[in-house]
Every structure is written in C-alpha cells, then in structure tokens.
Amino acid sequence: MRATLPLLKATDFPPLRRRAVDTLQVNLGYTCNQSCLHCHVNAGPNRTEQMDRANVDAVLDVLVAKDIGTLDLTGGAPELNPHFRDLVREARARGVRVIDRCNLTILLEPGQDGLAEFLAAQQVEIVASLPCYAQANVDHQRGEGVFEKSIRALQTLNALGYGCEDRLPLSLVYNPQGPTLPPPQAALEADYRRRLGEDFGVVFTRLLVLANMPIARFGSTLISKGQFHEYLATLRGAHRPDNLEQVMCRTLVSVDWQGFLYDCDFNQMLGMPLREGDAHGRLGHGRLHLSDWLELDLTDNPIVVADHCYGCTAGQGSSCGGALG
Ligand code: SF4
Ligand code: SF4
C-alpha cells in the first residue's frame, strides 16, 4: 500500500483547538469480516489486532472520570472483539449513550447469534454503512453479496424496532464511489428512503453523508491511479471556514486498540497521535494513553492537523455524524 502521510504533512490547514470532550470514539480492533475498497483502517479477516480487557477497563474509567456522555465503537467490526458485549453492558449501566458502527453483514456471521437482539435490548444506536441503494455499487465497493446481506440485516433490525422507534436509532452511511465530493445529504436521504422503502420495505432514521478521506486504502488507490493531487485540490478548493467550528475533533477523542489517543479516527490511521500542547500551543513529542488522560485536562489542547483535514471542511462538511452545518 502507498503511504499518504508524506503527501499530507506540509499543510496550511488552519489551527484548531479542542473544546470539552463529549464523545470517546474507540477502535476495538482491525479484525473485520469484510475488506472494503474504501476502508480507511485497512481492516479485514486477516487482521488480528484487538483491544484487550485492561484497555477496555481504561475506557470505562475515562468515561466516568471525564464525564463523557457518548461511547462510539468502531473497528474493523467492533462486534468481533471478545469484550464487545461486556463493554456495551458496562457503559450502558453507567448511563453512557453507546453507538455501534456496524457493517450490517456481521449480524449474519456464524458465532454472532443474538447480536441484533442484544443491541436492541441495550438500546445501542446503530450507524451502518450502506454506500448506495443499488446492489452493483455496494457489491463493487464492499464485496460480492454484501448488498443482499445488508438488506437482510436491515430487515432484521427493523423487525426489532430499529429505525421505527425513537429509542432505537438506525443511521445509514453513504460515501462516494470515487474521488468526488458527496451530494447534498437531504436530497440523497430522500432517494434512499424511497428506494429502500419501495424495493425492500426498509426504514431508517437518517442518512449520514461522508467524504472519502485521501488516506489508507482509498488514498493509496488514488496515488496508484494518479488522482491523489487532483482529489486533494478538489477538497481544498471546496474548503468552507464555517465548517471549522463543527469538525468532530473539537469535541471527540479517538482511541486505538492499544489505548493510545488521537484527535480523530483519521489521524489514528495516519499514525499522528494526539499531543499535549503547552501554553503557547507548542506540541509535546510523546503520545498519550488513556491512563495519562486521567491526570490531564485536554480542553483547549491544540489539534494535530494535516492536508487530509480539508476532507472534513469541504462543501457541506463531513464528520462521523454526517454533513456539518
Ligand atoms: S466493513 Fe468497515 S471496517 Fe470492515 S473492511 Fe469495510 S469499511 Fe473497513
Ligand atoms: S481530519 Fe477532520 S476531525 Fe481529524 S483532525 Fe482533521 S479536521 Fe479534525
């Protein structure tokens, strides 16, 4: 795979500082039952990295100590971590809102019996990737047969109340197939509702539209095709300063499977750790672990930025919660 960080590091992206943290986004490991073309974490069935129980406990400690209201679980397929269900139960018992970034097909995997029912019983919010309502596009990006399995999984979730009841939100995630900006979120959501409703009887709560980041597997593909600089120019050309107020790193901290901290999931994948800043905004050199955070206040800490950050501020903006604004 081609490295993208050397092409992103020299940047004129505006400086950012963190506000109070309301979300802890935790990557439980890189094991996944799929190997999608656009995966920004290079996850797949052959990856074995998984968060251990000691770091799961450290996650729970930080949630309580820092009074963080939302735990956002990602991976790989986070459900494949052996501590997934314990972490969900223990976070919910502490009154924390839990989001599962679910690839849908995991709900049909052998060994995952009762997973959908467990998520519903714990009132876990589901954010599920479905990059198109057309089978050919989904199967091209995510693998043969993924669309049909995803629809079956959505029908199972609907039958449990997901997407129908307020207490069980079901969000779908769209990202473009190629190096273009995503279309307007509201119009695309209406198309998704119509097509999924008419063709499959599927309902959902909302559609989140994400821009592709020029990093990891997608960034490497762009380099191979000679499209990397053109795509970066597209993102930079569409930069909207208003979006800087709402980029997700202002209120979120990302954690890797070993418990180390990053300003966001994208920085995590680029190997750019969160660094403690001094009063002048200069950044320290050491990376920080969940256990270090217990002794620190990260409010107002400078955020590590590079040119990929234009992927968050281009056009309608992009974050784990969809378009900004
Ligand atoms: S399902 Fe998600 S984590 Fe797994 S390979 Fe696809 S994009 Fe990556
Ligand atoms: S990629 Fe986006 S979320 Fe991450 S540091 Fe840059 S602006 Fe913030």
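This is a predicted model: local features need pLDDT of at least 70, side-chain atom pairs count only at pLDDT 80 or more; totals for chains, interfaces and linings use all residues.
Colleague: Which residues line the second largest cavity closest to its centre?

Modeller: Of its 14 lining residues, Leu16, Cys249, Cys264, Cys309 and Cys312 are the closest to the centre.

Colleague: What makes this space a cavity and not a pocket?

Modeller: A 1.4 Å probe fits in a cavity but cannot get out, whereas a pocket is open. The search of the whole structure finds two cavities of 30 Å³ or more.

Colleague: Why is Cys249 counted among the residues around ligand 2?

Modeller: Being near takes one heavy atom within 4 Å. Cys249 is in the shell, so it has such an atom. The shell also includes Cys264, Phe266 and His308. By class it holds eight nonpolar, two polar and no charged residues.

Colleague: What is the class make-up around ligand 1?

Modeller: Four nonpolar, four polar and one charged. Arg142 is in that shell, and Arg counts as charged, so Arg142 is the charged one. Ligand 1 sits in the largest cavity.

Colleague: Why is the crossover from E5 to E6 called right-handed?

Modeller: The chain goes from E5 through helix H7 (residues 185-200) to E6. With the strands pointing away from the viewer, that path runs clockwise, so the crossover is right-handed. E5 and E6 run parallel, joined by four bridges.

Terms used: Residues are numbered from 1 along each chain as its sequence is written. Chains are lettered from A and ligands numbered from 1 in the order in which they are written. Side-chain values use heavy atoms; hydrogens and water are left out. On a 1 Å grid over the protein atoms alone, a cavity is a set of points where a 1.4 Å probe fits but cannot get out, and a pocket is an open set with protein on both sides within 12 Å along at least five of seven lines; lining residues have an atom within 4 Å of a point. A molecule sits in a cavity or pocket if more than half of its atoms lie within 2 Å of its grid points. Two strands pair if DSSP finds at least two bridges between them. Helices (H or I, at least four residues) and strands (E, at least two) are DSSP runs, numbered from the N terminus. Grid points are joined across faces, edges and corners, and a volume is the space filled by probe spheres set on the points.
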